[in-house]
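Thanks for sending this one over.

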Amino acid sequence: MSQSPKIELGRRYRFAASHRLHTDKFSEEENARVFGKCANPYGHGHNYVLEVSVSGDVDPATGMIANLAELDSFVEREVIAVFDHKSLNEDVEAFRSVVPTTENLCIEIFERLKNFPKAKLERVRVQETTNNSFEYSGE
Amino acid sequence: MVLITRKIEFSASHLYHNPALSPEENRRVFGKCNNPHGHGHNYSLEVTVAGEPDPITGMVLDLKELKEILEREVMQRMDHRFLNYEVAELKGQIPTCENISRVIWQLLEPKIKQGRLHRVRLYESADLFADCYRNGLDAGTF
């Protein structure tokens, strides 16, 4: 058989949240022009799908890169509990001054997950709708 | 370079059990996956090959040939099988997504002559999958 490949474990999570794309640095007209419907004043929501990929040695005793229960509870605590059924603009400190686009959401989630102690975080991918998804690998 | 992905699905059963651990430890580490008679999944496999399209055919590879390789190497070996007992390449390993995808990579990699195997993604369910890419360290067996 050939050389072993590099292996990553991927796990999907879901959360629902609202957001509004708007910045105080623009006039109302500019906000409407740049962000379109996403600038509507009361916000709107999405069912987000979060895909987390981690890498590391596969433990020969368990066949696993990371214990799923540990990964799940880490993601639950760091991301799902913080974002699910929240207003990203109002309820998440990081988005008080940063526009909660899904690009910025990816970066925020990566920062929250990068210290997972049991495996290396390779990337996060966030699907905002079935037609839009974004990825961030830390650089 | 262009990436081309072919998807196949197979159904198989497995269980997680390490004979070096006590029954209690097996239960603690593997949970429901340690149930003695096993359980099954509908696995979904995405195989991605990288290459330059041939200037005459416009193809990175002959998809029919890839389909035959997947049928021979994966379907015949794993579809409707009990992975722990019926797949020789998994002997001595826990048949997790990580280990199954690595075995599939190692089976396919030398067989793909047109283009180069780029990624093997194996879904155990919609929410759990493993990706294999070129270059990695050998993991041992118990």
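**Notes on the two chains and where they meet**

1. Chain B has four helices and five strands. Here helices (H or I, at least four residues) and strands (E, at least two) are DSSP runs, numbered from the N terminus. Starting at the N terminus, the order of elements in chain B is β-α-β-α-β-α-α-β-β.

2. A word on the basis of all this: it is a predicted model, in which local features need pLDDT of at least 70, side-chain atom pairs count only at pLDDT 80 or more, and totals for chains, interfaces and linings use all residues. Residues are numbered from 1 along each chain as its sequence is written, while chains are lettered from A and ligands numbered from 1 in the order in which they are written.

3. Chain A also has four helices and five strands, and from its N terminus they read β-α-β-α-β-α-α-β-β. The C-alpha trace of chain A spans about 60 × 30 × 25 Å along its principal axes; for chain B the spans are about 60 × 30 × 25 Å.

4. On burial, 27% of the 139 residues of chain A count as buried, and for chain B the share is 31% of 142 residues. A residue is buried if 20 or more other C-beta atoms lie within 10 Å of its own, exposed if 12 or fewer, and partly exposed in between, with C-beta atoms placed from the backbone.

5. Two residues are in contact if their C-beta atoms, placed from the backbone, lie within 7 Å. Among contacts with a separation of 6 or more, residues 24 or more positions apart make up 67% in chain A and 68% in chain B.

6. Do have a look at β1(A), residues 6-19. Strands are taken to pair if DSSP finds at least two bridges between them. Within chain A, twelve bridges join β1(A) to β2(A) (residues 44-55) in the antiparallel sense, and Ala16(A) stands opposite Asn47(A) there. With β3(A) (residues 86-87), β1(A) pairs in the parallel sense over two bridges; Ser18(A) has Ser87(A) as its bridge partner.

7. Which strand of chain B does β1(A) pair with? The partner is β5(B), residues 128-133, joined to β1(A) by six bridges and running antiparallel to it. Ile7(A) is bridged to Cys132(B), and Arg11(A) to Leu128(B).

8. Across the chains, 20 residues of chain A are in contact with 32 residues of chain B. The largest share of the chain A side, seven residues, comes from β1(A). That side divides into nine nonpolar, six polar and five charged residues. In this count Ala, Val, Leu, Ile, Met, Phe, Trp, Tyr, Cys and Pro are nonpolar, Asp, Glu, Lys and Arg charged, and the others, Gly among them, polar.

9. Finally, α4(B), residues 97-108, is worth a look. Its twelve residues reach 16 Å from first C-alpha to last, close to the 16 Å expected at 1.5 Å a residue; the expected span is 1.5 Å times one less than the number of residues. Eleven of the twelve residues of α4(B) are buried, including Cys97(B), Ile100(B), Trp105(B) and Leu108(B). The buried residues of α4(B) pack against β1 of chain A, together with β2, α2, α3, β4 and β5 of chain B.
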